[in-house]
Amino acid sequence: MRLRKYIAFAGMAVLMLCSCNEMENAPTNKFTDNSYWTSTTKAQYVVNMAYSQMYNAGRMWSDESLSDNAYDGRSVDDQRAIRKGMATPSLDIFKNEWKDLYGGIKTCHVFLEKVDLVPNMDASVKARMIAEIRYIRASLYFRLTNLYGAVPFFTEDITLEESRSVSRTDRETIISFIHQELEDIKDALPTRDQLPEEDKGKITKGAVCALQARVYLMDSDWNNVMLYCDNLMNKQGEYGTYALFPDYAGLFDEANEYNEEIIMDRSYVPNLITWGEMVDMIPLSRGGRAVNRVPQQSLVDTYLMLSGKTISEAGTDYNPAYPYDNRDPRLTATIIYDGYDWSGNVDDGSKDVVINIRPGSGTDAYDGGGNGTSTGYFTRKYYNPQASGDQNSGMNIITMRYADILLMYAEAVHETSGMTEAVWNKTIRPIRERAGFTADAALNFPAGKSKEEMRQIIRDERRVEMAMEGLRWYDIKRWKAGNEYLSGKVRGASFVDENKLDTRKFEEARDYLWAVPISEINLNPNLAPNNPGYGN
């Protein structure tokens, strides 16, 4: 049975296993009782429960709202408060992420503690399950340290008393543990090529390698980024065979799940285990409800002209009256703009449907408020024509893909020795070719650029290729570029009243980390002092 089908059980079981309050309450349900661990199948349920806790669509979209790609223009949510410089330690998002991530870690610890109780378990199956759990735990700790910095760190389940006295461990110690864990488990996992059909979606040796690269990327450890990316690019017999999927838009089509570009994803099940955030991101005329999360103009402006020029370089090639013509095709695959050819770009059986957003143009028109878009744009990427009800989608969420490996490698090479034509031709060029560029100026190595100019080209390429996939905020964070990208007026399309949009404020001394939840510090004073800028 494919992993995503097991998650149907996991989605229900997680409520029982993780009913404990943060790290506080001792679990009392059957999964922590020795009597539960009677079969390999039951152990597998707990493993897949941990998969469901590792990541989800809600986290991805929340992370986008923390970046300069998206803007939550309707609801006064915590992401919007953070970006307006109004974060306090009592925000629910700080508390809920902390609770959910430690809930996932608890699942992992319960499994590691109890799995030896399963009778007659095949040794190789057990070894693989343990490796998967250790990967998930490493991933959860990685997210915790990215969000909060130093956090409570332990490698086995702790008691109620211990949870009220544990201190925070420095980030460097946790990151060192993550790297060692991933190194220790990699040979216990199959490659993508070795996965049988029923195991699609499970953690592989390639996923371990990709996570290593991503963790090193956050620390700008360029040599190790290159090492682990090179494993996936040039040692595919050992780490699994990956390649760019030939159609960028099709990469985010439910029919193409588990394709050759996917290294890791979060599995969902149509009509059973679904996510529904898209209902607040698409046009009202196509099933949207009350539009909230929408793309920002700064993202739209980052997409090149088909000639390979930026908007500022394009001259007469760029016509402000038709700003979306002759642009990088990834724009159309990602963002819905005024005059968008819906029927030509969305395979939902519709005919001659065009999305008009200018004021007075109909159902989807910008009106400065109400239920419509606040920036003059809607989200296309991850829209699923097969979604049911209120856009409840069973489409998988991609968490790691091969294009990211190429982009990480390109950035690492440039930051160490400088981009070369050879590296460009095996990283940026194939990504642009897949996107649909044909002009020499777009595809050929841009010789003569300064190191800073080339850095910006690579960063912009990463932004448009990975837009709306939950990575942009972490890129800004590791570049220490918060003031550059996350301060100032939010901008929308030319017809938008920008006075109705937020002015964002980024504080360098505070906003790269979240606050430890005040509710946690109240329960355990050893978690104080809080991160800088959030008081004691």
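The structure is a predicted model, in which local features need pLDDT of at least 70, side-chain atom pairs count only at pLDDT 80 or more, and totals for chains, interfaces and linings use all residues. Residues are numbered from 1 along each chain as its sequence is written, and side-chain values use heavy atoms, with hydrogens and water left out.

UniProt lists residues 51-217 as "domain: SusD-like N-terminal". This span is 60% helix and 2% strand, and its end C-alpha atoms lie 23 Å apart. Helices (H or I, at least four residues) and strands (E, at least two) are DSSP runs, numbered from the N terminus. UniProt lists residues 293-534 as "domain: RagB/SusD". Here the figures are 36% helix and 8% strand, with the end C-alpha atoms 27 Å apart.

Strand 8 (residues 397-401) is mostly covered. Five of its five residues are buried, meaning under 20% relative accessible area with a 1.4 Å probe and protein chains only; exposed means over 50%, and partly exposed lies in between. Strand 8 runs antiparallel to strand 2 (residues 262-266), and four bridges join them. Strands pair if DSSP finds at least two bridges between them. Arg266 has Ile397 of strand 8 as its bridge partner.

Helix 16 covers residues 402-416. Of the 15 residues, 14 are buried, so helix 16 is largely enclosed by the rest of the structure. Just after this helix, Gly418 takes a positive phi of about 95°.

The structure holds 27 aromatic pairs. Rings of Phe, Tyr and Trp (its six-membered ring) pair if their centres lie within 6.5 Å; planes under 30 degrees apart count as stacked, over 60 as edge-to-face and the rest as tilted. Trp98 and Tyr148 have ring centres 5.1 Å apart and planes at 85°, so this pair is edge-to-face. Trp98 lies in helix 5 (residues 92-114) and Tyr148 in helix 6 (residues 123-148), 50 residues apart. Both are buried. Trp473 and Tyr474 form a tilted pair, at 6.5 Å centre to centre and 50° between the planes. Arg83 lies over the face of Trp473, 5.0 Å from the ring centre. Such a charge has NZ of Lys or CZ of Arg within 6 Å of the ring centre and within 35 degrees of the ring normal.

Key: The expected span of a helix is 1.5 Å times one less than its number of residues. UniProt positions are given in the numbering used here, feature names are shortened, and annotations may be inferred rather than shown by experiment.
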